[in-house]
Amino acid sequence: IHSNLLSTSSINSSTTTTTTTRESLRQKLLEDELNGKITTKTIGSKKILTKPSWLKAEVPGGDNYNRLKSTVDNLKLATVCEEARCPNIGECWGGKE
């Protein structure tokens, strides 16, 4: 019985966190839309919302990123970052020494 209660509590906690995160993103999107930070563009006959700037990842680059990328390629290593096509790889690899 106790293990069942623990797992139910864990599920409820996880669900609450997910719901809270989802709601905070919805609130942020609504604020951006009301403040004119989100624009639309038309593709064919469809009108779509553009991604807000805080949701876009920058293109990886910089000296440190290029050095690490070159090292990984030269040593023929596989990284989780590259295999998963992580959108934040530039932030991690581009950081300071």
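Which side chains meet in a salt bridge at 2.6 Å, N to O? They are those of K69 and E82. A salt bridge here is a side-chain nitrogen of Lys or Arg within 4 Å of a carboxyl oxygen of Asp or Glu. This pair links distant parts of the chain: K69 sits in helix α2, E82 in helix α3, 13 residues apart.

The model is predicted; local features need pLDDT of at least 70, side-chain atom pairs count only at pLDDT 80 or more, and totals for chains, interfaces and linings use all residues. Residues are numbered from 1 along each chain as its sequence is written, and side-chain values use heavy atoms, with hydrogens and water left out.

Start with the overall layout. The chain has four helices and two strands. Their order from the N terminus is α-β-β-α-α-α. Helices (H or I, at least four residues) and strands (E, at least two) are DSSP runs, numbered from the N terminus. Of the 97 residues, 9% are buried. Buried means under 20% relative accessible area, exposed over 50%, and partly exposed in between (1.4 Å probe, protein chains only). The accessible surface of the chain comes to about 8,300 Å². Carbon and sulfur atoms hold 55% of that surface. These areas come from the Shrake-Rupley method with a 1.4 Å probe; for residues, only the protein chains shown count as cover. Among contacts (heavy atoms within 4.5 Å) between residues at least 6 apart in sequence, 39% join residues at least 24 apart.

Now return to the charged pairs. The structure holds three salt bridges. K69 also bridges to D73, with the closest N and O atoms 3.4 Å apart. Both K69 and D73 lie in helix α2, four residues apart, about one turn of the helix. K69 is partly exposed, because its relative accessibility is 26%. D73 is partly exposed too, at 42%. E82 has a relative accessible area of 23%, so it also counts as partly exposed. Shared partners join K69, D73 and E82 into one network.

E23 has 41% relative accessibility and is partly exposed. R26, at 48%, is partly exposed as well.

Next come the aromatic rings. A search of the whole structure finds one aromatic pair. Y65 and W93 form this pair, which is tilted, with 5.8 Å centre to centre and 35° between the planes. The pair links distant parts of the chain: Y65 in helix α2 and W93 in helix α4 (residues 89-93), 28 residues apart. Rings of Phe, Tyr and Trp (its six-membered ring) pair if their centres lie within 6.5 Å; planes under 30 degrees apart count as stacked, over 60 as edge-to-face and the rest as tilted. Both Y65 and W93 are buried. W93 is also touched by T79, which touches V72 as well, not counting residues up to four places away in sequence. T79 is found in the loop between α2 and α3. Its relative accessible area is 17%, so T79 is buried.

K76 is in that loop between α2 and α3 (80-83) too. Its phi is near 55°, a positive value in a residue other than glycine. K76 is exposed, because its relative accessible area is 75%. R85 lies in the loop between α3 and α4. R85 has a positive phi of about 55° although it is not a glycine. At 74% relative accessibility, R85 is exposed.

What of the cysteines? A search of the whole structure finds zero disulfides (pairs of cysteine sulfur atoms within 2.5 Å). The sulfur of C81 is 5.8 Å from its closest cysteine sulfur, in C92, so the two are too far apart for a bond. C81 is partly exposed at 25% relative accessibility, whereas C92 is exposed at 55%.

Last, look at the loop between β2 (46-49) and α2 (63-74), where W54 is found. W54 has 33% relative accessibility, so it counts as partly exposed. L25, L29, W54 and L55 make a nonpolar surface patch of about 340 Å². Patches are made of residues with over 30% relative accessible area and no salt bridge: like charges are joined within 9 Å, nonpolar side chains (Val, Leu, Ile, Met, Phe, Trp, Tyr) within 5 Å. K56 is in the loop between β2 and α2 as well. K56 is exposed, at 52% relative accessibility.
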